Amino acid sequence: MIDWSFAACGAAWVEPVMLAPRLIEAGHTPAQTEELLELVPTWRTAPPAAVTGLVALWTLFRLYKARFGPENGRAFRARAADAGRSWLAFRLST
């Protein structure tokens, strides 16, 4: 899977992290999302603190774009930020 808007070399576990908010947006809970991610071998090697940090950064970026980005994309970014917030809250509570 390639997200061309963020194409870069990096740790293999980053890709499942970037997919997870989309699963939450699609209706999965954060717990269900992490259960699905367990099926991805690279996810199982992800350092938990690094995942949580990336989720926080991803969410902050979506919040910024929801407020200051192009008007026609703000609602989409706000929904993405909501997904990120719910996942971040889940990760910080476990």
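Student: Which residues does Trp87 touch, not counting residues up to four places away in sequence?
Tutor: This is a predicted model in which local features need pLDDT of at least 70 and side-chain atom pairs count only at pLDDT 80 or more, while totals for chains, interfaces and linings use all residues. Residues are numbered from 1 along each chain as its sequence is written, and side-chain values use heavy atoms, with hydrogens and water left out. With contact meaning heavy atoms within 4.5 Å, Trp87 touches Val17, Ala20, Pro21, Ile24, Pro30, Glu34, Leu37, Trp43, Val51 and Val55.

Student: How many residues are in the largest nonpolar core?
Tutor: A nonpolar core joins buried Ala, Val, Leu, Ile, Met, Phe, Trp, Tyr and Cys residues through side-chain atoms within 4.5 Å. Trp13, Val17, Leu37, Trp43, Val51, Val55 and Trp87 have the most contacts inside the largest one. The number of residues in this core is 13.

Student: Which helices each supply at least two residues of this core?
Tutor: Helices here are DSSP runs (H or I, at least four residues), numbered from the N terminus. The helices that each supply at least two core residues are α1 (14-25), α3 (48-68) and α4 (74-93).

Student: Within what arc do the buried residues of α1 fall?
Tutor: Buried means under 20% relative accessible area, exposed over 50%, and partly exposed in between (1.4 Å probe, protein chains only). In α1 the buried residues are Pro16, Val17, Ala20, Pro21, Leu23 and Ile24. They line one face of the helix, because the arc, taken from the directions from the axis to the C-beta atoms, is 155 degrees.

Student: Is α1 parallel, perpendicular or oblique to α3?
Tutor: Val14, Val17, Met18, Pro21 and Arg22 in α1 meet Val51, Leu54, Val55, Trp58 and Arg62 in α3. The axes (lines fitted to C-alpha atoms over the stretch in contact, with angles from 0 to 180 degrees between N-to-C directions) come within 11 Å and cross at roughly 50 degrees. Under 35 degrees counts as roughly parallel, over 145 as roughly antiparallel, 65 to 115 as roughly perpendicular and the rest as oblique. Relative to α3, α1 is therefore oblique.

Student: At roughly what angle do the axes of α2 and α4 cross?
Tutor: Pro30, Ala31, Glu34 and Leu37 in α2 meet Ser86, Trp87, Phe90 and Arg91 in α4. The two axes come within 9 Å and cross at roughly 80 degrees.

Student: Which helices do the buried residues of α2 pack against?
Tutor: Pro30, Thr33, Glu34 and Leu37 are the buried residues of α2. They are on the same side of α2, because they cover an arc of only 95 degrees around the axis. These residues pack against α1 and α4.

Student: Is Thr59 buried or exposed?
Tutor: Thr59 lies in helix α3. Leaving aside neighbours within four places in sequence, Thr59 is in contact with Ala81, Gly84 and Arg85. Its relative accessible area is 3%, so Thr59 is buried.

Student: What is the relative accessible area of Arg67?
Tutor: Arg67 is also found in helix α3. The C-alpha atoms of Arg67 and Leu88 are separated by 19 Å. Arg67 is exposed, with a relative accessible area of 61%.
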